[in-house]
Amino acid sequence: IALAQDHGLTLMVHQQRRFEADFQRMLELVAAGAVGDPWRIVVNRTHQGLYQSSTPQAPHVGADVLPWVHEPASGGGVGRIIGPHPVDHMLTLAGSEVVAVDGRTRIDAGGVDEWISIDVDFASGASGHVEVFRRSGIAPPRFVVYGSGGTIVAPDGRSLEIEQGG
């Protein structure tokens, strides 16, 4: 912390998914009031199958399965590997104190979670939902924010759909 302060640098927990284009645009729209006051925030993530090694071109498309991601002893499972990112997205979009949390999980034959579901109530009156799948078949929308004045959907990581109106 002192080194960052001494050199005028920003020190943060590494959450690289905060900088994804669809999330940044959705955050801008929510902050600008494009859909009024958010009352429901839904964030979904899915990974179709076993986690693969990364290549210089893209993550998780290599030829090798990453065994530690699928082993209970090393803390494998979607809750640890993917879960922090959509939870961070939901909390950032809500911008309100958490007052209640509930969750569920499904454990695979290897003993790690292959699905998690987290429901959150916020002091603002909004509610949030995060769902993370190891395999979902058909991927649900990445983000949906329902507001008092409309809805924003980020279906695929490349685009946003917005419907304004009460």
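Predicted model: local features only at pLDDT ≥ 70, side-chain atom pairs only at ≥ 80, totals over all residues.
Colleague: Which residues of α4 are buried, and what covers them?

Modeller: As a general idea, an α-helix has 3.6 residues a turn, so residues three or four places apart point the same way. In α4 the buried residues are His85, Pro86, Asp88, His89, Met90, Leu93 and Ala94. Their cover includes the helices α2 (21–31) and α3 (78–81), as well as the strands β1 (38–46), β3 (113–122), β4 (127–133) and β5 (143–147). After α4 comes Gly95, which has a positive phi near 55 degrees.

Colleague: How many helices and strands does the protein chain have, and in what order do they run?

Modeller: The chain has four helices and seven strands, and from the N terminus their order is α-α-β-α-α-β-β-β-β-β-β. Of its 166 residues, 38% count as buried, and among contacts between residues at least 6 apart in sequence, 57% join residues at least 24 apart.

Colleague: How should I read the salt bridges, and how many does the structure hold?

Modeller: The general idea is that side chains of opposite charge can pair when their charged atoms come close. This structure holds seven salt bridges, and one of them joins the side chains of Glu20 and Arg142, with 2.8 Å from N to O. That pair links distant parts of the chain, since Glu20 sits in the loop between α1 (2–6) and α2 while Arg142 sits in the loop between β4 and β5, 122 residues apart. Both Glu20 and Arg142 are buried.

Colleague: Where do Arg134 and Asp108 lie in the chain?

Modeller: Arg134 lies in the loop between β4 and β5, and Asp108 in the loop between β2 (98–107) and β3, 26 residues apart. Their salt bridge has its closest N and O atoms 3.6 Å apart, and both residues are buried.

Technical notes:
Residues numbered from 1 in each chain as written. Heavy atoms only, no water. Helix = DSSP H or I, 4+ residues; strand = E, 2+ residues; numbered from the N terminus. Buried < 20%, exposed > 50% of the residue type's maximum accessible area, 1.4 Å probe, protein only. Contact = heavy atoms within 4.5 Å. Salt bridge = Lys/Arg side-chain N within 4 Å of Asp/Glu carboxyl O.
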